[in-house]
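Open the structure in your viewer and switch to a cartoon view.

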Amino acid sequence: MIEPPKWSTNGANIMAPDQLATVRDHLDRVGPIAVLWWHYYGSRAPTPLAFGDFEVFMEFLGTEPQEGDAVDVWAFPSYDSPCIAEGKIPNALGQVPEGGAY
């Protein structure tokens, strides 16, 4: 039998204030962001997106990804730039999955 995934508050949470502040700061000072939305146990490739407005990005986070989905954020265009924010969508308890299939 496969053991269900463990969820905890220790993992990267894209909704954490420091992650969101980094994204907001980049959008305000530098410009657009590129996003890869990884679907938790989704059996498909990640969905690429781009945003130029923080409120639109927040609307996306609040309506599209499901609990456990992962979101990676880069400067756009990303040409070998490091990821500026990353984390998973938390459940109602603020927990994210430890591991997962993406």
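Start with helix H1, residues 17–29. This is a predicted model. H1 has 13 residues and reaches 18 Å from its first C-alpha to its last, close to the 18 Å expected at 1.5 Å a residue.

Now show side chains on H1. Which residues of H1 are buried? Select Gln-19, Leu-20, Val-23, His-26 and Leu-27: these are buried. They cover an arc of only 125 degrees around the axis, which puts them on the same side of H1. An α-helix has 3.6 residues a turn, so residues three or four places apart point the same way. Turn to the other side of H1 and pick Pro-17, Asp-18, Asp-28 and Arg-29, which are exposed.

What covers the buried residues of H1? The cover includes S2, S3, H2, S4 and S5. Gly-31 follows H1, and its phi is positive, near 145 degrees.

The axes of H1 and H2 come within 10 Å and cross at roughly 145 degrees. Select Leu-20, Val-23, Arg-24 and Leu-27 on the H1 side. They meet Phe-54, Glu-55, Phe-57, Met-58 and Leu-61 in H2. The residues of this contact divide into 7 nonpolar, no polar and 2 charged.

Now bring up the strands. An open sheet of 4 strands has the order S3-S2-S4-S5, with antiparallel pairing. Strands S3 (47–51) and S5 (85–88) stand at the edges with a single partner strand each, so one side of each is left without a neighbour in the sheet. On average, neighbouring strands here are turned by 20 degrees against each other, direction ignored.

- **S3 and S2.** Select Leu-36 and look opposite for Pro-48 in S3.
- **S2 and S4.** This antiparallel pair has 6 bridges. Select Val-35; its bridge partner in S4 is Val-73.
- **S4 and S5.** Here 4 bridges join the antiparallel strands. Ala-70 stands opposite Lys-88 in S5.

How many residues of S4 are buried? The count is 6 of the 6, so S4 is largely enclosed by the rest of the structure.

Methods:
Residues are numbered from 1 along each chain as its sequence is written. This is a predicted model: local features need pLDDT of at least 70, side-chain atom pairs count only at pLDDT 80 or more; totals for chains, interfaces and linings use all residues. Side-chain values use heavy atoms; hydrogens and water are left out. Two strands pair if DSSP finds at least two bridges between them. Helices (H or I, at least four residues) and strands (E, at least two) are DSSP runs, numbered from the N terminus. Axes are lines fitted to C-alpha atoms, for helices over the stretch in contact, and angles run from 0 to 180 degrees between N-to-C directions. The expected span of a helix is 1.5 Å times one less than its number of residues. Buried means under 20% relative accessible area, exposed over 50%, partly exposed in between (1.4 Å probe, protein chains only). The arc is that of the directions from the helix axis to the C-beta atoms. Contact means heavy atoms within 4.5 Å. Ala, Val, Leu, Ile, Met, Phe, Trp, Tyr, Cys and Pro count as nonpolar, Asp, Glu, Lys and Arg as charged, and the others, Gly among them, as polar.
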